[in-house]
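Good morning, colleagues. I would ask you to look at the structure on the screen while I go through one chain and then its interface.

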Amino acid sequence: MDDALLRIEGLVKRYGGLIATDHLGLSIRRNELHAIIGPNGAGKTTLVSQITGEVRPDEGRIVFAGDDVTRLPPNARAAKGIGRSFQITSVFLDFTVIENVSLAVQARAGHSFRFWKQAAGEAILRDPAHAILAKVGLLDRADELAVNLSHGEKRALELAIALAGSPKLLLLDEPMAGMGPEESLRMVKFLETLKGQLTILLIEHDIEAVFALADRITVLVYGRAIAEGTAAEIRNHPEVRRAYLGDDEEA
Amino acid sequence: MRKLSYILCALGIAVLFCVPAVTEVADMSYYLDFTTRVVIFAMAAVSLDLILGYGGMVSFGHAAFLGVGGYAVGILSYYGITDGFIHFGVAILASALVALFIGMLSVRTIGVYFIMITLAFSQMLYYLAISVNTYGGDDGLSVRGASVFAGVVDLADRDQLYYASLAILLGMLLICYRLIGSRFGMVLRGIKSDERRMIAIGYSPFRYKLLAFVISGVMCGIAGALLANQTLFISPAIMHWSRSGEIMVMAILGGISTLFGSVIGAGLYLGLEETLSRFTPHWQVLLGPLLVVVVLFARNGVLSLIVPRRAKTRHG
Ligand SMILES: Nc1ncnc2c1ncn2[C@@H]1O[C@H](COP(=O)(O)OP(=O)(O)OP(=O)(O)O)[C@@H](O)[C@H]1O
Ligand SMILES: [Mg+2]
């Protein structure tokens, strides 16, 4: 059987004259952590949005878990197990931390056409939410309004929301963006604990974090994959050194 | 803080329960009519706050549902039907269908577009009522018989109408308070907070917004049916866009996303209308500045002056 959880074939997305995704092919195996690196404007976020369904590709196919999902709306793809975090933090600011996560748990825990019973009292929503908050280190902030969290805490909450839907494929769009070195380190450690439990597509500018975490790396430039391989292969790929890392690392 | 708001609610309800007795003793039956009117408009304002304050849907055509509920009663009694169950059954069904129709075409849109579509539909119903001469057209229609429930409850009786309206308002408030904390309510509030995020975690906003819109429309339709019973007259004016504006002002005055604030807002608005209009027919000139003051100094409405809310969001 096909061991790729996600297969992308000949994907094209144009914005006017600009090609954001240029005949891209990509295959992500089950339970691997696959990183995508590339300069600003390379089309990384556009790729993520096409996988989640928020952006419609002009050409090509997206196959998830054996099903062609190219035409599926984003909420249906989420229901199939594609979860994402946003590059620009997108949490429910006027909800408490626990409500943020419970709401994401609720999307997978039976239907939401219940009008009388209070959601805050439902153990099947609260318990998984607590467990996830404990994992990302936000348990002591559970009853705080999300708007009062620090930037790093909001990033952690962003990830907690994505995890709460128990996705098979987790798309992380620069989870460490704007974090200090200490927070970044904690995030890397946390992502390490996730490795092997689910399939992760990680987009990240912090190249050392990527080399430390990724099983495989794809280098994206102008919407095209110019190289793909393991961390060691990518580190030494001549075209990558020229196009992305800059040739100043020779020693 | 929580306790204070419970005490205030209980106090308010206690006062409202005493109104018929007090006005009877003091021989001021006019004030019973006034309070009944407040209670009925409070329903309309609460129904708007449910979708505006918790679903982010700025309906600028809510008076349409007052009209649908009111005309249901007016038209049925025109044909000699005064059974209350039929009156309110038809009012509920008709406002649900109208809300379903308007909602299907509007809840996908946001912001100004949603405002414009709801306004457009209410104006269409307004002109429809004007053009149907059988039911009085522009001149309106006298309600020939108030709703009678199984010969027991007769809404032609002022006290009974008042208590029925009060009970329905309290029931609606209870339902709304439960609803906003339920699974459905959490989804609705999530959509208001960040629709894009809700889609990304797997929700389809349309069906939740549509159902909330229908629930709200039905609540407002019931208010319309009660209003027809009070005035025993129904005319297209009840659906005029300025009516929708008044309902919105009530909700804003009292405080958006508070539910109970809408009750205070309705009382305040109608009370101001009552007192100020004695001095000048252009009393709304005075209302304008007051609204500005409320929006500037009490962003969460009059209720927030009495009961401070938990540290709230301030984006950006
Ligand atoms: N909605 C849009 N309309 C027009 N152009 C767009 C749109 N979205 C993205 N683009 C363009 O497509 C290209 C790819 O953008 P994208 O956001 O995917 O890059 P990225 O790799 O995520 O960059 P960054 O590292 O800065 O996040 C950019 O040139 C961008 O300006
Ligand atoms: Mg990006």
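In this predicted model, 54% of the 251 residues of chain A count as buried. Chain A contains nine helices and 10 strands. Its radius of gyration is 19 Å, close to the 18 Å given by the globule rule for 251 residues, so chain A is as compact as a globular protein of that length. Along the principal axes, the C-alpha atoms of chain A fill a box of roughly 60 × 40 × 40 Å. Of the contacts in chain A between residues at least 6 apart in sequence, 66% join residues at least 24 apart.

I turn now to the interface. Here, 41 residues of chain A are in contact with 33 residues of chain B. Together the two chains bury about 3,200 Å², with 59% of that area on carbon and sulfur atoms. Which three residues supply more than any others of the area that chain A buries against chain B? They are Phe92(A), Phe115(A) and Trp116(A), with 19% of that area.

One salt bridge joins the side chains of Arg197(B) and Glu158(A), at 2.5 Å from N to O.

As for secondary structure, the elements giving two or more residues to the side of chain A that touches chain B include helix H4 (123–136) and helix H5 (151–164) of chain A. H3(A) gives the most, with four residues. By residue class, that side of chain A divides into 23 nonpolar, nine polar and nine charged residues.

Key. Residues numbered from 1 in each chain as written. Chains lettered and ligands numbered in written order. Predicted model: local features only at pLDDT ≥ 70, side-chain atom pairs only at ≥ 80, totals over all residues. Heavy atoms only, no water. Contact = heavy atoms within 4.5 Å. Buried area = accessible area lost by both parts, 1.4 Å probe. Salt bridge = Lys/Arg side-chain N within 4 Å of Asp/Glu carboxyl O. Nonpolar A, V, L, I, M, F, W, Y, C, P; charged D, E, K, R; others polar. Rg over C-alpha atoms; globule rule 2.2 N^0.38 Å. Buried < 20%, exposed > 50% of the residue type's maximum accessible area, 1.4 Å probe, protein only.
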